[in-house]
Amino acid sequence: MAETDIESLIRSLVIPLLKQPQALSITQKDDGRYHRYIIDVAPKDVGRLIGRQGHVAAALRTIVEGTQSRRANSKRVRLLINDHRH
């Protein structure tokens with residue numbers, strides 16, 4: 001399956017943050033309103049990806065969700081991080 005531009009953007013933003021970049025996987029799921037991109041990383045890297053008080057995750061979401069099209073009929077983009085710590 002070909003990687004989308006958004007998946008490529010996510011990969012380029014996330015890989016420098018990880019100690020185990022080979023464990024990174026990005027899954028896209030579509031529903032009625034959203035294109036959801038779910039990031040899975042090694043359990044030890046989840047904290048690095050979320051950051052203190054969620055600042056890193058918030059910054060990633062701002063960048064990725066800011067790339068969405070402004071057309072009225074386009075789906076919105078959402079970025080989710082699969083938290084294996086709980």
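**A walk through the fold**

Guide: Let's start inside: leaving aside residues up to four places away in sequence, V14 touches L24, I39, L49 and L60. Keep in mind that this is a predicted model.

Visitor: Which residues touch the most other members of the largest nonpolar core?

Guide: That core has 18 residues. Helix α1, strand β2 (34–40), helices α2 (46–50) and α3 (55–65), and strand β3 (76–81) each supply at least two residues of the core. The residues touching the most other members are I10, V14 and I39.

Visitor: What pattern does the chain follow along the sequence?

Guide: You'll find 3 helices and 3 strands in the chain. Read along the sequence, the pattern is α-β-β-α-α-β.

Visitor: What share of the contacts with a separation of 6 or more comes from residues 24 or more positions apart?

Guide: For background, the chain has 86 residues, and 31% of them count as buried. Among the contacts with a separation of 6 or more, residues 24 or more positions apart account for 57%.

Visitor: Where does A23 sit, and which residues does A23 touch beyond four places away in sequence?

Guide: A23 is in the loop between α1 (5–14) and β1 (25–30). Not counting residues up to four places away, A23 touches D40, V41 and A42.

Visitor: Why does A23 count as partly exposed, rather than buried or exposed?

Guide: Buried means under 20% relative accessible area and exposed means over 50%. A23 falls in between, so the label is partly exposed, and its relative accessible area is 35%.

Visitor: Which residue meets E65 in a salt bridge?

Guide: E65 is found in helix α3 and touches V77, R78 and L79, not counting residues up to four places away in sequence. A polar atom of the E65 side chain also lies 3.4 Å from the backbone nitrogen of L79. The salt bridge, at 3.3 Å from N to O, joins E65 to R78. That pair links distant parts of the chain, 13 residues apart, with E65 in helix α3 and its partner in strand β3 being R78.

Visitor: How far apart are the closest N and O atoms in the salt bridge of R36 with D31?

Guide: A search of the whole structure finds 2 salt bridges. R36 counts as partly exposed at 27% relative accessibility, and D31 counts as partly exposed at 30%. In their salt bridge, the closest N and O atoms are apart by 3.1 Å.

Terms used. Residues numbered from 1 in each chain as written. Predicted model: local features only at pLDDT ≥ 70, side-chain atom pairs only at ≥ 80, totals over all residues. Heavy atoms only, no water. Buried < 20%, exposed > 50% of the residue type's maximum accessible area, 1.4 Å probe, protein only. Contact = heavy atoms within 4.5 Å. Core = buried A, V, L, I, M, F, W, Y, C linked by side-chain atoms within 4.5 Å. Polar contact = N/O pair within 3.5 Å; in protein donor to acceptor, adjacent residues only side chain to side chain. Salt bridge = Lys/Arg side-chain N within 4 Å of Asp/Glu carboxyl O.
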